[in-house]
Amino acid sequence: MVGFGPMIRAFTLACVLALLGCEAAPEPGRHAEAVSAAVTPTGPAVDVDVRSIVRAERAAHPDAFELFDRIVREWLDRRDVARNEALLSRGLRDLGDAGVGPMLDAVAGTGFAQPLDARTQAAMHTALVEALGRIEDPRALPALRAIFERAEQQSVRTVAARAIARTCGDLELDLLLAHAEHAHPNADAAIEGLGRCLRLPAAERLVALHESAQDPARKAAIASALRRISSDLVWRAPSRRNDPEGAEIRKVVARALGPR
Amino acid sequence: MRRTVAIAWLLAGCEAGPYRHEATGDGGPDPTDAGVIANDLRVDTDRDGRLTRADDVGEETWEAEGGAIFLANVDDDDDDGIADAVDAIVNGEADARDLAHVEITAWPSAPEGTTGTLSLVTVAPSRVRFFRQAGATWTALAALPALTTADLQGGVTLGVEGTALLSDSLWDGRIEIGLAVTDAAGAALLEETVEMRQASMVIAWNSAPTTIVHVSDLGWNADNQILRDAVQQATDDVGILHWFINSGDDDYVYVDPDGFRIADQWTQDFFEMGATYMPGDGVWQRLGVGIRLKPPQNSGYFVEKEIFGIDNGHVYPFSDPYDGWRDGASLDYGGNLEVVPPHEGYPAGRILAGTHGNRLLDPVLEAFLQAQYAQAPILEADTNWLVVGHIDEAVGFVEDPLSERGWKATLTAPREAWAMLEGLVEDDPDNADLVLFNGLYFWTDTGFPSAEITVGEILEDVDLAAANEEAQGHADDIKALLMTEAGLVEGDFVYLPFLWEPYGSGPSGELRQVAYIPGTVNLLTFNGVAMLPEPFGPRVGGEDVFERVTRDRLEALGLDVRFVDNWNLYHRLLGEVHCGTQTDRTIPRETAWWDSAR
C-alpha cells in the first residue's frame, strides 16, 4: 500500500511530481529551463503558487474541499474494474473552478490522506489530471505542464498532454512542440496533445512529423492527430466557425494528407 | 476415422437364411421378419424424441441434418446441492429424463451363443457416463457392457449423459458408439455404429421469448426502486415473472479487493442465462445454465445459490487464479456477452462480444464460449473505445415481428445526436439555451454542482465533438461487421441518437468513451416491451427531443416503449437499464439449435 499522506507534506510542485512518480531531472528540450525552475523544490514561484492557490481556495470554497472528499470516498466505495477513473473524473470535473483547490491539494498529497494501493492511486491520478484539464483553470496549468513532462506513467503523461492542449497557450504549445520529436520518450503523448491544440504551429509541426515519420504506427498516430485537429466538426463549434486560424489549419492539413 | 458405415452381413449358410440390414433408406431390421438379425443400435438420430426404425437413417455421422443429442446433466434434480452429473446415480424420474437413450433392440430369436460387444470411441471418455436401465432403475456403468444372448434377445436400453458442459477445443462433444454381434463361433453377424453429440449450450437472444426478468434488489435505494417498479409493472403487463435478487445477501454481494461489501446493481454483468436442449417426444428436454460472470466477485454466486437446482445447472468458466484488475477483466461481464439473433448460417444466433488487441476475454471463458458450437465462433467487435468495454453499450437487438428477419439491430448514432443539437440551434438560436440533464447531478443528489448543460455549451466543446465523431466511426465499424458477418442490410438497423463522452481510461491514457446522454441502446426488451433509460435531453414543446425520436423509431416496430429514470444509480455510474437487468429466455420452438451444427 502506498499512502498519500506519508509521502508528501510540503506544498511544492516538486512534491506534486514526486507523488505522480515523476523523474527527478527535467527532460531535455526547448522548455527544459522553464520546467526546471518550476520543479526545483526551492523554486519559489511555483511553490508559492500551489500553496497560495490551495490556501486561497480553502478560504474561498471550503465546501469544495468537503465535496471533493465525499466524491473520492464514494468512488472508492464503488470501485469496479469496469467502471473506474472515468467515474471519478466526471465527478471532479463537475466541481468546476471551485475544484481546483482541492484537486491541486490532492495531487500534492496533502488533501486526501487515505492509503491507497498503487493501482487505485494511479487511477486517481489520471482522474485528477483529466478533471483539471477539463476545468481549464489557468491556475492548474503549471502543475499540468510539469506532470506532462515528468510523470512516470505514460498514461498520466498522455492525459496531461490532452489537459494542457485544451488551453494550449504559448507555454503549453512550446512544451508539446519540444516533446514531439520522434526520438523523445514523451513523443506519443505530445503528438496526442498537439492533435488537440487548435493552433496553426501545432498543425505545422504535425505535418512535418508526418512527413518524416518512419514507423508506420507513429505515422498513423500523427495522421490521426492531423485529422482531429482539422476536423470540420471541431471547427463547426459556433464560436470557432469563422476562426481564420481554423481555416488555415484545415488548409495545411489538407495539403499534407490530401491527394498529391 | 469418425465415420463408420454399418455393415449388412449376408450370412451364407446361416440357419436363419438370408437377411437384410440397411443403414440407409427408411428401413432397418424388423423383429417380426423371420431370418433377420433384429438387433439394432438405435439412438434418436432424427431428433423426434422417439427411437424408431427411421433413426437408422444417417446414424453414423452427426451433422446438422441429423444425429442424436445428449445433455450435460448439470442440474440438480434431487436438490442436494450436487450436480446430477457429479455422481453416478440417477436421482429420480426427473434426472432420468435428462438421459438420452441408446437402445439395442430385441432379437427374440437370437440363437444361443450369440453375444454382443459395445464400444465407445471418443477423445474424452471421462466426459460421458452410461447407465443401464432395468425397469425403473438405472445403474451406472464403469464400462460399456458385454451383451449376453439374453441381452440380445430381450433388448437393452442405456442412458447417456455428459458430465460437464462443453468447455474447450479438446472435445467437440462427439462420441461414437459401436455394436458388434457375433455368433457362437465368433463369426461377425453385425457391426454398427452411431454418432451422438453433447448439446451445445445456447444463450437466447434479446428478441427471444422471455420468462423471467431479474433485477438486483437494493432495497434501501430509491433509484433502484424506480427500476424495480418499472420492471414489475411491465412484467405483470405481459404476464411473465420478475425476480428481484436480494443483493444484500451476504453470500453474493460484490466484494472488492479491499474487502468492501457492496450490493451489486449490475445484474446484467454478474450472470447470464443459457440453456441446453435435447429433443423429446413432444417437448424438448431443457436444462437451464446459470453462467456466473464478473469474477472474482461474489455477486455471481447468485446462480449457484439460487438458480442451480432442478432443471438448472451452473458454470463458472474462468482462469484460476483470475486477475480481476487486468484491462480486459471488464470484458468478462454479461454486458459484453450478447447474441446476434438467428440469421443465415446461424439459426440459433451467434455470440457477440467486445474484444480488441490486448483487451481480451479471459482465455477460459473464451474457450468455453467457443466450445458452444451452435453459436460459435464468437463474433468479435472492437469495444476498446469504450470505458466499460461492453458490447451492449453500443449495439443491441429488438423484436421486429413485421419484418422477414423478425428482429432489428439497435445501433448508437452519435453523429445524428450532434446534428440534432445543431439543428435545434439552426431552427432557433435561442435553443442554444435549452438545458440537458435538468435538475440532475453526476455526483449524488445534494450539494454538488449540477450536471445541467446547455445545447450551446455542448456544441462549443471541441473535445466532445471530436469524441462523438470518433464514436460514430466505431459505430460504423460495428455496423459493417454485422453486415459482413450476419448479412444485415441497411434496413435492419434502428439508429438511436445519444452522445458519448471521452475519458483517458485506457492503459496508456488513451481515450475511451462512455454514454454522456443516457445510452438508449442499453435497453431491456422482452415480449414486445422496450424499456430504455430516460435521456433527459433538451425539451422542445414540452417533449424531450431524443426521447421522441427514439420512441418513434421503436414504436414503429410495434414495441411498447417505456422510458425509465435510471440516472442516479445506473447512468451516472456508467451503466443503464440493460446493465441493471438480466433475463431468462427460451429459444423459440421453431428454432432447432442443432441445425447450425459446426
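Residues are numbered from 1 along each chain as its sequence is written, and chains are lettered from A, with ligands numbered from 1, in the order in which they are written. In this predicted model, local features need pLDDT of at least 70 and side-chain atom pairs count only at pLDDT 80 or more, whereas totals for chains, interfaces and linings use all residues; side-chain values use heavy atoms, with hydrogens and water left out.

Over all chains, 45 salt bridges were counted, a salt bridge being a side-chain nitrogen of Lys or Arg within 4 Å of a carboxyl oxygen of Asp or Glu. In one of them, the side chains of A:Arg70 and A:Glu66 meet with an N to O distance of 4.0 Å. Both residues belong to helix α4 (residues 62-77) of chain A, where they are four residues apart, about one turn of the helix; helices (H or I, at least four residues) and strands (E, at least two) are DSSP runs, numbered from the N terminus. An α-helix has 3.6 residues a turn, so residues three or four places apart point the same way. A:Arg70 is partly exposed, at a relative accessible area of 36%, and A:Glu66 is partly exposed at 46%, where buried means under 20% relative accessible area, exposed over 50% and partly exposed in between (1.4 Å probe, protein chains only).

A salt bridge of 3.0 Å, N to O, joins the side chains of A:Arg93 and A:Asp94, and here A:Arg93 is buried at 15% relative accessibility, while A:Asp94 is buried at 16%. These two residues take part in a network of salt bridges that links A:Arg90, A:Arg93, A:Asp94, A:Arg134 and B:Glu501. In chain B, B:Glu485 forms a salt bridge with B:Arg350, with the closest N and O atoms 3.1 Å apart. This pair links distant parts of the chain, 135 residues apart, with B:Glu485 in helix α9 (residues 462-486) and B:Arg350 in strand β19 (residues 350-355) of chain B. B:Glu485 is partly exposed, at 37%, whereas B:Arg350 is buried at 6% relative accessibility.

Helix α10 (residues 170-179) of chain A is largely enclosed by the rest of the structure, because seven of its 10 residues are buried; among them are A:Leu173, A:Leu177 and A:Ala178. Helix α8 (residues 141-150) of chain A packs with α10(A) at an angle of about 0°, with their axes 11 Å apart; axes are lines fitted to C-alpha atoms, for helices over the stretch in contact, and angles run from 0 to 180 degrees between N-to-C directions. The two helices, α8(A) and α10(A), are therefore roughly parallel, a term for angles under 35 degrees. From α8(A), A:Leu141, A:Arg145, A:Phe148 and A:Glu149 meet A:Leu171, A:Glu172, A:Leu175, A:Leu176 and A:His179 of α10(A), contact meaning heavy atoms within 4.5 Å.

B:Lys479, in helix α9 of chain B, is buried at 16% relative accessibility, and its side chain makes a polar contact of 2.6 Å with that of B:Glu490. A polar contact is a pair of N or O atoms within 3.5 Å; within protein, one must be able to donate a hydrogen and the other to accept it, and residues adjacent in sequence count only if both atoms are side-chain atoms. Not counting residues up to four places away in sequence, B:Lys479 touches B:Leu411, B:Glu490, B:Phe493 and B:Tyr495. A:Glu57, found in helix α3 (residues 44-60) of chain A, is buried with a relative accessible area of 6%, and a polar contact of 2.6 Å joins its side chain to that of A:Arg139.

Methods: Angles under 35 degrees count as roughly parallel, over 145 as roughly antiparallel, 65 to 115 as roughly perpendicular and the rest as oblique.
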